[in-house]
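Open the model in a viewer and keep the sequence panel in view. The stops below each give a selection and a short account of what is there.

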Amino acid sequence: MNMARESWASKLGFMLAAMGSAVGLGNIWRFSYVAGENGGGAFLILYLISVLVIGIPLLLVEVSIGRKAQSDVVGSYEKLAPGKPWYLAGFFGIGASLLILGFYSVVAGWSFYYFWNYLNGFFFNEPQEGYGPAFESFTTTLTQPLIWHGLFMVVTILIVLSGVKKGIELANKIFMPLLAILLIILAGFSLSLDGAAEGMRFLFQPDWSVLSDPTVYISALGQAFFSLSLGVGAMMTYGSYLSSSHKLPGATFGIGIMDTLFAIISGVVIFPAVFAFSIEPDSGPVLVFITLPSIFNQMPFGGYVGILFFLSLSLAAISSSVSLLEVPVSYLMRAASWTRRKAAMVSGLIIFILGIGASLGMGVLAGVTPIGENNIMDSMDYIASNIFLPLGGMTMALFVGWHFTKRTALEAADLSGTGLGSVWYGLVRYIAPILIVIIFLQALGLF
Ligand code: PHE
C-alpha cells in the first residue's frame with residue numbers, strides 16, 4: 001500500500017515544528033545541569049562553538065537530506081545511495097531516538113507532576129522538608145513517576161497518531177512565545193536575587209582550568225546535538241515533509257539561533273538562583289526541579305508563574321518528544337506498511353518500557369551504574385547524546401560531503417552559486433567530521 005506521504009501545510013508549519021523539536025527540556029533542564037556539571041563559562045563557550053561550527057551546518061545537512069529523499073531516516077539513505085551500507089546509520093538513528101525518548105519522557109513526566117502540583121496549589125508554599133527533599137521523595141517512589149511517565153507517553157502517542165499538523169503546530173504557536181516571555185521575566189527576577197552576580201560569573205566568566213578535563217568537550221558537543229535535535233533523523237524526517245519550493249539556509253539558521261537563545265536565557269534564570277539558594281551547580285539532572293520552585297517561592301505571584309512555567313515546559317517537551325517518536329513511526333509506516341496508529345502505539349510502548357529503567361534508576365535501582373558513576377538515566381543520556389548523536393551527525397556530514405558531488409550537495413541545501421555555499425561545504429566535508437573525531441579520541445583519552 002503506497003499512500004501519498006504527508007507534508008507540512010507551509011514553510012511556517014515546518015519552522016514551527018522544527019523549532020518545537022529543538023526547544024524543549026534540552027534547553028532548560030539539560031543545558032543547565034550539564035553546564036553546571038562542567039564548570040559553567042568555559043563550557044558555554046565550547047557549546048557555542050559547537051553550535052556554530054558543527055551544529056547549525058549539520059542541521060542544514062540533515063534537513064536537506066530528508067527533503068531531497070522525501071523519506072524516513074532509513075529510507076532516505078536507501079533512496080539516495082541504493083545498495084550501499086549508509087542506511088545502517090538510519091537504524092542507529094532509530095535506536096537513539098528510542099533511547100532518548102525513554103528517559104526524556106520520564107523527565108517530562110516530572111514536569112507534568114510539577115505542573116499538577118502548582119495547579120492544585122500544593123507547591124505554592126515550600127513543603128516542610130524543602131523542595132529538594134520533596135523532589136527526591138517523589139522520584140524515588142516506585143509507581144508515581146512511572147504514572148506520569150506513562151501519561152506523557154500517552155499524550156505523545158495521541159498527537160503522533162493523529163498527525164502532527166493541527167495539535168502540535170497550534171500549541172507551539174501559543175506556548176513557545178509564552179515560554180520565552182516567562183523565561184525573560186524569570187531571568188529579570190533571578191538577577192535581582194542576592195548572590196546573582198556569582199551565578200552570572202559562573203555562567204559567563206570562563207574558568208579555563210576546566211578545559212583540562214577531557215569530558216568537557218564531548219559534553220559540549222553532545223549538548224549541541226541534543227539541543228538542536230541533531231543526529232537521530234528527527235530533523236531529517238521533518239525535512240522530508242517539506243517540498244522543494246522552500247529555502248532551507250535561512251530557516252535552519254533561525255532555528256539554531258532561537259534554540260541557543262532559549263538555552264542562554266534559561267542559564268540566566270537558573271545560575272543566579274543556584275548561588276542565591278546555595279544549591280550545588282553540579283547537582284545533576286535534579287537541578288532545575290529544585291532551583292525553579294525556590295525562585296517561584298520568593299517571587300510575587302510565584303505560584304501562578306509556576307503554573308504557567310511548568311505548563312509551557314511540558315508543552316515544549318511534548319513538541320520535542322513528538323519529533324523523536326516520529327522517527328521510528330515514519331520508518332515503520334513505510335518499511336513495514338503499518339498504519340500510523342499501530343506504528344505509534346508499538347514504538348510508544350517500547351519507549352515506555354525503556355523509560356521504566358530510567359525512572360527506577362532514581363530510586364530502587366539507584367545502585368545500578370552502567371557507565372562510571374552514572375545511574376541508568378544518566379547512562380542512557382550519555383550514550384545517546386554524547387556518542388550516538390555525534391556519530392549520527394558525522395555520518396550525515398560524510399554522506400553529503402563525500403557521497404554527494406559538491407553540486408548535488410549545494411543544490412540540496414539551496415546554496416548553489418553562493419559564497420556561503422563553499423564555506424558550508426568545507427565545514428561539512430572536512431571541518432565538522434574532523435572535529436567530531438578529535439573530540440571522540442580525546443574523550444577516550446587517546447588525544
Ligand atoms: N532538542 C530536544 C530538546 O532540546 C530533544 C531532542 C533531541 C529532540 C533529539 C529530537 C531529537 O529538548
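Begin by selecting helix 15. Its buried residues are Arg 340, Ala 343, Ala 344, Ser 347, Gly 348, Ile 351, Gly 355, Ala 358, Ser 359 and Leu 360. Helix 15 itself runs over residues 340-360, 21 residues in total. From its first C-alpha to its last it reaches 30 Å, close to the 30 Å expected at 1.5 Å a residue.

Zoom out to the whole chain. This is a predicted model. Its secondary structure amounts to 18 helices and 0 strands. Along the principal axes, the C-alpha atoms fill a box of roughly 65 × 50 × 40 Å. The radius of gyration is 21 Å, which agrees with the value near 22 Å that a compact globule of 447 residues would have. Of the 447 residues, 59% count as buried. Among contacts with a separation of 6 or more, 82% are between residues 24 or more positions apart.

Colour by atom type and show the surface.

Select residues 249-276, which form helix 12. This helix has 28 residues and reaches 41 Å from its first C-alpha to its last, close to the 40 Å expected at 1.5 Å a residue. Step past its end to Ser 278, which takes a positive phi of about 50 degrees just after helix 12. Most residues other than glycine have a negative phi.

Two loop residues also have a positive phi. Select Gln 70 for one of them: its phi is about 50 degrees, although Gln 70 is not a glycine. Gln 70 sits in the loop between helix 3 (41-69) and helix 4 (73-80). Its relative accessibility is 30%, so Gln 70 counts as partly exposed.

Go on to Ser 229, in the loop between helix 10 (215-227) and helix 11 (234-240). Here phi is near 60 degrees, again positive in a residue other than glycine. Is Ser 229 buried or exposed? With a relative accessible area of 11%, Ser 229 is buried.

From Ser 229, move to a residue that touches it, Ser 21. Ser 21 belongs to helix 1 (residues 11-22) and counts as buried at 3% relative accessibility. Which residues does Ser 21 touch, not counting those up to four places away in sequence? They are Ser 229, Met 235, Tyr 238, Ser 319, Ser 320 and Ser 323. For a distance check, draw a line from Ser 21 to Leu 161: the two are 140 residues apart in sequence, and their C-alpha atoms are 17 Å apart in space.

Finish at Met 200, in helix 9 (residues 196-204). Its relative accessibility is 23%, and Met 200 therefore counts as partly exposed. Leaving out residues up to four places away in sequence, Met 200 touches Leu 191, Gln 205, Val 268 and Pro 272. Last, draw a line to Ile 174, 26 residues from Met 200 along the chain; the C-alpha atoms of this pair are separated by 30 Å.

Conventions
Residues numbered from 1 in each chain as written. Predicted model: local features only at pLDDT ≥ 70, side-chain atom pairs only at ≥ 80, totals over all residues. Heavy atoms only, no water. Helix = DSSP H or I, 4+ residues; strand = E, 2+ residues; numbered from the N terminus. Rg over C-alpha atoms; globule rule 2.2 N^0.38 Å. Buried < 20%, exposed > 50% of the residue type's maximum accessible area, 1.4 Å probe, protein only. Contact = heavy atoms within 4.5 Å. Expected span 1.5 Å × (residues − 1).
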